[in-house]
Amino acid sequence: MKLLLLGPLELRAAGTGVDLGQPRRRAVLAALAADAGRPVPVETLVGRLWDGDPPDGARSVVYSHISRLRRLLDEAAEGGRAAGEASIRLGKVSGGYVLDADEDAIDLARFRSLVARGREPLCPDAERVDLLDEALRLWRGAPLPGLPGAWAERMRTVWGQERVEAALVWARACLREGSPERVPELLRAVLADHPLSEPLAVVLMRSLAAAGSAADATVVYSEIHKRLAEELDLPPGPELRAAYEELASRDEGRRPPVPPKPAAPVPAQLPMDIRPFTGRAAHLAELTAALIAESGGDGATAAVVAALSGTAGVGKTALAVHWAHRSRAAFPDGQLYVDLRGYDPHEPLSAGQALCGFLTALGVPRQEIPLRLEDRAARYRTALDGRRLLVVLDNAASAAQVRHLLPGSPDCRALVTSRDSLGALVSVSGAHRVVLDALSLDESLSLLGALIGERADAERSVAVDLAEQCARLPLALRVAAELVLSRPAEPLARLVAELHDHQRRLDLLDSGDDPRAAVRAVFSWSYARLAELPARLFRLLGLHPGPDTDVYAAAAMAGESVDAVRRASEVLAGAHLLNRTAAGRYGMHDLLRAYAAELAALHDTAARRTAAVTRLLDHSLAAAATAMDVLYPAERHLRPAVDRPGTGLPPLRTAEEARAWLDAAQPTLVALCSRTEEPGPSGHTVRIATTLHRHYERSGHYTDALTVHTYALRTARSVGDARGEADVLVCLGAVHRRLGDYDSAQRLHDTALDLCHRIGYAAGEARHLTNVGVLHELRGRYREAAEQHERAVALFRSVGDAHGEADVLNNLGIVLELLEDFEASVHRYERALELYRGVGHPVGEASALGNLGILTARLGDHTAAAGHFERALALFRRLANASGTGHALTNLGNALSGLGRHEEAAGHQREALDLFRRIGERYGEAGALNGLGEALHGLGREAEALGAHAAALEVAGGIEEYEEQARAHVGTAAVLRTEGKPAPAERHLREALELYTKLGSPRAREIRQALGEW
């Protein structure tokens, strides 16, 4: 028998977990085990359980739990003796109780014994390493999770510190023994639970460096440096700084030229673990064997993929999530989770959408996520390579749905759940199949006991009947238990008899042998107890196409106030008919969704159902428009007019609130557009698409953009909405241009130009002309670009659209600058600036100021340029526009370098660099690195300058950005020439010449001239 405290509290006998019951009973056992072998007075137990403020009758509660624990331990001991296991006994002593156990029976006692031996002064390091290694591997995570109270929290702190100290002694012994490669695996797990421990980070860094992984050691420093700043507002301590400087000094005696790159994010996407979780011990062990343990014999690892299958409501998700939480320590690089909604009747999640979410969580900027599914899957596998990470793919419809989501790295594991047997996954991908049946009767009774307490024990035969009526399915048992708890005064027998009668009368499904019939019977039993509004809300949410909703959208569907719907939602959540998915949002199990939709079809007319969905569309469109007005207020006139719904909108007052709502609502908006076929030019799909256009363009949600815009285009064409079609084609063309598919973008704009000309839509024609001008500019066809922009300016002016005219003039100024018609370029920028100020468009004003500053600097007037950049920076800061702020900072830094103010310039570039890295804008990062290199060169810090340009070259090369690559080569050549190394400097200049020539840039002529002078 074993009692485990160093992680989730568990009692095991003969290899099987023993259900300890409710949290207070578990706390009593933990309070005794913490002082195993020593008497613990009843007053001490009471104090530990209630933090010094016990209720009346507290001693009686303790006596009751002690009695139950004694029986559990005695029963477990019988099985343990048969297996030759150690014993644990609970005895009575004067004034209290004592838990007697063999040393190996309680992991805390075993840990302390091993640590004491390992810390003996005369213990050889080789033996010390083995003893402490064994001790540390007893830990399974933070101790006593889920146990409430100050005592449990104190024990977590005290025992955790013992673990940290043992880990430090062990790791230092490993280093002395010349075994640094043993340290990282174990020490990472300890550091994950104590992320602010500087001594742990120091030893881990030195171990990684000694093992030849200096880059990983730098990442450890970067991570703890960031956490100390964000959580404690503290800089690294002296020992940590010294360890970092030791790393830096090994690099040819130089300090690192730029701050270390931020570490790759560690995703933690698992949903909340379900409580209480009972049974399934054999399945948990099978998953562990399949996904973590090594197979015997040839030393090959077990299956990389496990396929968990079973009928609806059997608890697949609960088991998968519970196992994943228990096994977090085995996956130090994180856990990815996605609900694939494989059985959603409206819109199962596509592999492409799932990959987009995974890549974002893994730190890939949205603008770098490939468009094609195969390319996206390849990028995903690359991001996972070398990482020990768990991927949970929940509710898959088939093996085909998950094929692109399986990791390729042998260090990763995938756990797939499905109602399907996933035979192809087993045969093709070598998945280990785990089949989940209904709970056993004992497991069902154990779950009921945990949910409804002593009533299950007191009326055991009735509880057996209830378990069978629920087909021993966890989902049905939980819903039924909630009803039982809601009627505490009624005997359990009467409630179960009522369920019998209800099942006989239920005619929603042919019962047959389908276990879902039992589930629906319980749903119906619960639904029948609802008041009018919660019942109606439940039915209507079955029509909601997204994975979850907030109370504002639910209120719109119901046509009720937000407060009333919030109360009704809590009623449904309390009855387990809804589940909370995030702050203020609710989701629904797919079986419940199907049942709710059937009820809606039975009780609500088609007109009422249509009206509810229409109200949801109106609400979603209005909320999207409000969010866009907050983010891009000056472009309000470009978006369709939208009425505000009477039920109210969520709080969308700040840019952060607006972006958060757009991100949370995105799956619902896509699902709504995919099934909307409303006739007329004011159709929701077209308006949603054109409303969200700028958000998609700026945020990088290109996959969602293509989906929504394609549905909108189909809708507009199906109802003959020519103007809507032209507006959507602008959106589609812009997305294809952003993705680098210039040919497709050109075809879309050409189609739209013919359409606009035919229907006399001058403003639409102007928008497409300027987009064509941008395409010409990107291809180096500057004169053709200028012609298209000039035509667009004339059209916008003819219809009185000053905003559109300003945008095109800004673009035209860039093209004229490329053509070296500087006077005309300045004129266009100044006119755009004037128009932007007239229409109150600060983003456009800041953009025009930035462009004017760049041209002014190119003409050699760095003082005037700095003034333009400072005004642009002030505007971007006021607008909380991170990207614009970053570019204004780096442009200002460049101007200050031109003025010889290199220290100030370097400060601006470092601030921009930090900002670009935080928002994931790689182009801006490359520019800031080059600007930093130029400033450092001006300060005579040549080694650091070379490092900055090398980093810029790496970043720019990764995104195939030729301009910044060329600039990095030029900067490197300048430094090398200063150092008296003309041959390598010339090689870099020739690299720059090749890139500038490829771009058709006028800088190519300057480089040729410089080479000629050399």
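How many bridges pair β8 with strand β9 (residues 390–396), and in which sense do the two strands pair? They pair in the parallel sense, over 5 bridges.

## About the model

This is a predicted model, in which local features need pLDDT of at least 70 and side-chain atom pairs count only at pLDDT 80 or more, while totals for chains, interfaces and linings use all residues. Residues are numbered from 1 along each chain as its sequence is written, and side-chain values use heavy atoms, with hydrogens and water left out.

Helices (H or I, at least four residues) and strands (E, at least two) are DSSP runs, numbered from the N terminus. Two strands pair if DSSP finds at least two bridges between them.

## The parallel sheet

Let's go back to β8 and its sheet. This open sheet has 5 strands in the order β8-β9-β10-β7-β11, with parallel pairing. Because β8 (335–339) and β11 (432–435) stand at the edges, each with a single partner strand, one side of each has no neighbour in the sheet. On average, neighbouring strands are turned by 15 degrees against each other, direction ignored; axes are lines fitted to C-alpha atoms, for helices over the stretch in contact, and angles run from 0 to 180 degrees between N-to-C directions.

## The antiparallel strands

Strand β6 (residues 96–101) runs antiparallel to strand β4 (residues 40–41), and 2 bridges join them. Here valine 40 stands opposite tyrosine 97 in β6.

Strand β5 (residues 88–93) also runs antiparallel to β6, joined by 6 bridges, and glycine 91 stands opposite valine 98 in β6. The hairpin of β5 and β6 has 2 residues between the strands, and glycine 95 takes a positive phi near 80 degrees there.

## Two crossing helices

Helix α5 (residues 125–136) and helix α6 (residues 150–177) have axes that come within 9 Å and cross at roughly 145 degrees. Among the residues making the contact are Val129 and Leu132 of α5, with Ala166 and Trp170 of α6. The contact residues divide into 10 nonpolar, no polar and 6 charged. Here Ala, Val, Leu, Ile, Met, Phe, Trp, Tyr, Cys and Pro count as nonpolar, Asp, Glu, Lys and Arg as charged, and the others, Gly among them, as polar.

## Helix α32

Helix α32 (residues 742–759) has 18 residues, which should span 26 Å at 1.5 Å a residue, and its end C-alpha atoms are 26 Å apart, so the two agree. The expected span is 1.5 Å times one less than the number of residues.

Buried residues of α32 include Leu748, His749, Ala752 and Cys756; buried means under 20% relative accessible area, exposed over 50%, and partly exposed in between (1.4 Å probe, protein chains only). Helices α31 (722–738) and α33 (762–778) are among what covers the buried residues of α32. Just after α32, glycine 760 takes a positive phi of about 70 degrees.

## Two positive phi values in loops

Most residues other than glycine have a negative phi. Arginine 280, in the loop between α10 (238–249) and α11 (281–291), has a positive phi near 65 degrees. Arginine 280 counts as buried because its relative accessibility is 3%.

Glutamate 820 lies in the loop between α35 (802–818) and α36 (822–839), and its phi is also positive, near 65 degrees. With 32% relative accessibility, glutamate 820 counts as partly exposed.

Methods:
Contact = heavy atoms within 4.5 Å.
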